[in-house]
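Colleague: I have this one open and would like to talk it through. Can you put it up?

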There are 2 protein chains.
Amino acid sequence: MSITAQDVANMAEVSVSTVSRVLSAPEVVAPGTRSRVLAAVEKLGYQPNRSAQSLISGRTSTLGLIVPDMQNPYFAALAKGIQKRAWESGYLVVVADSDEDIAREKALLQGMNQQVDGLLLSSLRSDMEDLTDLLPSTEIVLINREMRGIDSISQDNIEVIRMLTRHLGALGHRQIAYIGGPKNSWSDAQRRRGLEECRQENPGFEFIDLGATSPTQAGGYASADFLIASEATAVICFNDLVAVGVLERLRARKVAVPEDFSVAGIDNVSVCNAVSPTLTSVGVSQQRLGRTATELMLQKITRRTLPRASGRTKAAAEKGSAPTRNRASSMPDTSTAGNELELPIELVVRDSTGPLKAAPYAPD
Amino acid sequence: MSITAQDVANMAEVSVSTVSRVLSAPEVVAPGTRSRVLAAVEKLGYQPNRSAQSLISGRTSTLGLIVPDMQNPYFAALAKGIQKRAWESGYLVVVADSDEDIAREKALLQGMNQQVDGLLLSSLRSDMEDLTDLLPSTEIVLINREMRGIDSISQDNIEVIRMLTRHLGALGHRQIAYIGGPKNSWSDAQRRRGLEECRQENPGFEFIDLGATSPTQAGGYASADFLIASEATAVICFNDLVAVGVLERLRARKVAVPEDFSVAGIDNVSVCNAVSPTLTSVGVSQQRLGRTATELMLQKITRRTLPRASGRTKAAAEKGSAPTRNRASSMPDTSTAGNELELPIELVVRDSTGPLKAAPYAPD
DNA sequence: GGAACTACTGCAAACGTTAGCATGCGTAAA
DNA sequence: TTTACGCATGCTAACGTTTGCAGTAGTTCC
């Protein structure tokens, strides 16, 4: 049915081994043979069977990505960055959506674990234990969550809050509300820590907790009334989607932004420019975040497989020193485990935040 | 390193064949043996190696999805629906983003072709020839594009235009502009056909072509000035993102919506509710579209592999009639090729469209 | 009581590739 | 001229499954 290495071998009058070598280590095969094989490959349109390659090599050339909600523009952009970078290195990306559901998330982890070389996990809700089981079999990079002994990459969430506080403070606001995200969200916890730090650093400020909500527009819509009923003059929202929901509800209730309330989001997703007023937000480029995470992942993967590959050419020759070196590299690589990368963030001021009005908001 | 069927077999004191059968055809193995094997599977946490399964069965339990832009909420929602449905049937989904680039799209088609059981192609820009090469090796379902001999699923784009025209007509508009999408977009071509039909059906109407633009917010932003300069009082945009861009630019130029211009989008994506004014749009639920496309795909896949499977149990017994039946089903299934499914659409009227003003727009 | 079935399970081949080892040839060094 | 070495290539054994075939019981029917 489909073309195998054998077909190519027949046409080029060589053995399958040679065909394999031409594709994986061209330099070891004689130039004449090489071009003959390549011609046959070209002519037949041969593409090696990935399943067979995976079976023998143990590597799938596939990365897994689990996000809580693909429709959230944050994760869509993240996925885009990841896919792009992965493709450049010949990797495919299977993405899965946990729908914010922890049970589903675990099932996805289990189900994808075996079939990918590495797992990129974004905004994970699961606990430590569920991950450590997978750790020996798969490389893992956490995005937007830090965990002991696991590589991760995220934005500096404390700095996020600090930046927004400074911005709102400069505009005269002293009563700042916070609408939080899911309870088991690491980002939310970090941001609350940030609020706590800001509270210490700015004695004149009051930080008002408006509770938790789902990280969606609907969540924000539902929370906006708490904001109106509070003493606050400005609000920081768990993410931009929540902020958009808040804006929508405020508009519905005829409350002016930024005149009556200043509203700030987090993440700086693309919709910030779509809404009116445009939304002040802070964050890193999600595509860049995805790209960096993928690069880290690819490094981890090659580092894991390299010891074998390098041992073939050189270490085989220097018989004396090779064994010790190999033994060392086969240990759980403590030197590289648990790297925590934090990307610098950027504040983008738009129309939804403005100077404090003289008189506080009061319904007509 | 990892647990194989052999390990399970050892523990349960059976052969690997039996382990395999317990998992793939439990009814043929004795209840006692079965539970013994299942206990071992459970205890060891055995998961069959997918690469090995794929190698022998030729099926990967993976679906491919190619979209022009994952960040577009339309495709994000579509991907979500597809992934969800696929997961329910044990399939993973690898998604790839062509970035609206036709060369990249071809490369993705080539690269994914071998490694998936089926390819879901959304808003494809490529030509027929590039697809027909792949056709024998992979199942293909087209989304938002129809092509002779290939299964497809889309919304009725002519009806989309007709519905919007009726809506705007009922509001009094007679000069209706259209901002189009990419030149090689099938959807755009269909919509222009729809405009043509509406022109015939409504002699009193004038349809104004505002040209083509990229299907993004930036594209809409850039096109809005053409709208203002035109005779039109209402505009239909290629998609919601373009409409959002138009709204943004109109706001910047202090043009009121819907007072001065009515603006309608297409697709009814989630941002329609986020912008202000909220955006009138028409379309089908993208998640549902994705789900339906996936179901069609799964059917195609099982239908392709079924003939072999069913021939094992029954056809082997009824030796007389079986051969003819098998021969029939091994033919290129002309009966099922080229099904073109069109999902019913829905108009959602929001705040961006309103009754025609007495006086046309004029800058102060 | 023997024959024919049925139900269950094991054996072994096959899927397409990679990689260690072996082979053969030519060439350089002794 | 002989020995040795290196280079290019082929042979073959894996990798972990699935599946047709065969074999071994136990059971039923004549």
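This is a predicted model: local features need pLDDT of at least 70, side-chain atom pairs count only at pLDDT 80 or more; totals for chains, interfaces and linings use all residues.

Colleague: Okay, chains first. What rotation superposes chain B on chain A?

Modeller: A rotation of 180°, with 0.0 Å of shift along its axis, and the RMSD is 0.1 Å. That is how a two-fold axis relates two copies. Both copies use the same surface, since 100% of the contact residues of chain B recur in chain A.

Colleague: How many residues does the contact take from each chain?

Modeller: It takes 38 residues from chain B and 38 residues from chain A.

Colleague: And which elements of chain B supply at least two residues each to that side?

Modeller: They are α4 (50-57), α5 (73-88), β2 (92-97) and α11 (240-252). The largest share is from α5(B), with eight residues.

Colleague: What classes do the residues on that side of chain B divide into?

Modeller: There are 18 nonpolar, 14 polar and six charged residues on the side of chain B that touches chain A.

Colleague: New topic. How many residues surround DNA strand C, and which are the closest?

Modeller: DNA strand C has 26 residues around it, and the closest are Ala5(A), Ser20(A), Asn49(A), Ser17(B) and Thr33(B).

Colleague: Which helices supply at least two residues each there?

Modeller: In chain A, α2 (16-24) and α4 (50-57) do, and in chain B, α2 (16-24) and α4 do.

Colleague: How many charged residues does the surface near DNA strand C have?

Modeller: One, next to 14 nonpolar and 11 polar residues.

Terms used
Residues are numbered from 1 along each chain as its sequence is written. Chains are lettered from A and ligands numbered from 1 in the order in which they are written. Copies are superposed by least squares on the C-alpha atoms of residues with pLDDT of at least 70 in both. Two residues are in contact if their C-beta atoms, placed from the backbone, lie within 7 Å. Helices (H or I, at least four residues) and strands (E, at least two) are DSSP runs, numbered from the N terminus. Ala, Val, Leu, Ile, Met, Phe, Trp, Tyr, Cys and Pro count as nonpolar, Asp, Glu, Lys and Arg as charged, and the others, Gly among them, as polar. A residue is near a molecule or strand if its C-beta atom, placed from the backbone, lies within 6 Å of it.
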